[in-house]
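Subject: Structure handover

Hello,

Here is the structure I promised to pass on. Please open it first, then read my notes below.

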Amino acid sequence: MDTLGKALPDNAALLLNRTDTSNWTTRSGDAAGWKVEDGTLHVVPGKGDIMTKELFTDHYLHLEFRCPDMPDKTGQAKGNSGVFIAGRYEIQVLDSYGLNIPGKGDCGAIYNQFAPLVNACRPPMEWQTYDVIFRAARLDKEGNVAEAARMTVIHNGIVIHNNVVTQGVTGAPLDEREGVPGPLLLQDHGDLVRYRNIWAIALPLEGSDTYQPR
Ligand code: MG
């Protein structure tokens, strides 16, 4: 299931328009300082993380990213960025191409919680896809987490996380509130990572109780 270039479905929210970052802000709500050129979003190092104005609870996210070629760098210094689902759970973006056994900090990892099942990375400068199915935490009446958030992640068409139960928020979240709507947040880690074709579909929080043929 290669989803590279997959067109926006009718029921999806377009998160990146082709011209600017007007539907994004910094973490503190100021205008986002990243650049959009030819429909491609560029990290501008030093401008900080950016996040969508639109918030999501359960959702399906599609995005494409490209790591720069940094042959002299290794580990966390090599094409680092990150995709924070609901602003709180980071799926790592890194140039981990060719790594035999990826760890909890490598590309595709749910940062410091789960290593990807396999290394699905393409080489730097090639476009790659993440398709993420996110189920937000469920809260009890007191507002405590009764069921942790879950994620399925498909990287370049390969399942790298199969409905994993997260261990709470990952490092440097937008906030530590779980089970409430959050933005898509992209990380400025100082490297020239690019993004494109970003959209999301809000998912119903529970099943339909009526049959609606379509
Ligand atoms: Mg990162």
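Which protein donors does the magnesium ion have, and how far from it do they lie? They are Asn80 (OD1), Ser81 (O), Glu90 (OE), Gln92 (OE1) and Gln187 (OE1), at 2.2 to 2.5 Å. Donors here are N, O and S atoms within 2.8 Å of the metal (3.2 Å for Na, K and Ca); water is not among the atoms, so sites may look incomplete.

Before the rest, some ground rules. This is a predicted model, in which local features need pLDDT of at least 70 and side-chain atom pairs count only at pLDDT 80 or more, while totals for chains, interfaces and linings use all residues. Residues are numbered from 1 along each chain as its sequence is written, and side-chain values use heavy atoms, leaving out hydrogens and water.

Along the chain, the donors follow the spacing N-S-x8-E-x1-Q-x94-Q. Distant parts of the chain are linked here: Asn80 sits in the loop between β6 and β7 (81-85), and Gln187 in the loop between β14 (185-186) and β15 (194-202), 107 residues apart. Strands are DSSP runs of E, at least two residues long, numbered from the N terminus. Asn80 and Gln187 are both buried. Buried means under 20% relative accessible area, exposed over 50%, and partly exposed in between (1.4 Å probe, protein chains only).

**The sheet**

Two strands pair if DSSP finds at least two bridges between them. For β7 and β8, the antiparallel pairing runs over 5 bridges. Ile85 stands opposite Tyr89 in β8.

**Glu64**

Is Glu64 buried or exposed? Glu64 is buried, at a relative accessible area of 1%. Glu64 belongs to strand β6 (residues 59-66). Its side chain makes a polar contact of 2.8 Å with that of Arg196. Another, of 2.9 Å, joins the side chains of Glu64 and Asn197. A polar contact is a pair of N or O atoms within 3.5 Å; within protein, one must be able to donate a hydrogen and the other to accept it, and residues adjacent in sequence count only if both atoms are side-chain atoms. Leaving aside residues up to four places away in sequence, Glu64 touches several others, including Thr3, Lys6, Trp127 and Tyr195. Contact means heavy atoms within 4.5 Å.

**Salt bridges**

How many salt bridges does a search of the whole structure find? It finds 10. A salt bridge is a side-chain nitrogen of Lys or Arg within 4 Å of a carboxyl oxygen of Asp or Glu.

- Asp58 and Arg138 meet through their side chains (2.8 Å, N to O). Asp58 is in the loop between β5 (50-52) and β6, and Arg138 in strand β10 (residues 138-139), so the pair ties together parts 80 residues apart in sequence. Both residues are buried.
- Arg135 bridges to Glu147, with the closest N and O atoms 3.1 Å apart. Arg135 lies in strand β9 (residues 128-135) and Glu147 in strand β11 (residues 145-147), so this pair ties together parts 12 residues apart in sequence. Arg135 is partly exposed, at 25%. Glu147 is partly exposed too, at 34%.
- Arg177 and Asp175 meet at 3.6 Å, N to O. Asp175 is partly exposed, at 21%. Arg88, Asp175 and Arg177 are linked in a network of salt bridges.

Best wishes

Methods: Helix = DSSP H or I, 4+ residues; strand = E, 2+ residues; numbered from the N terminus.
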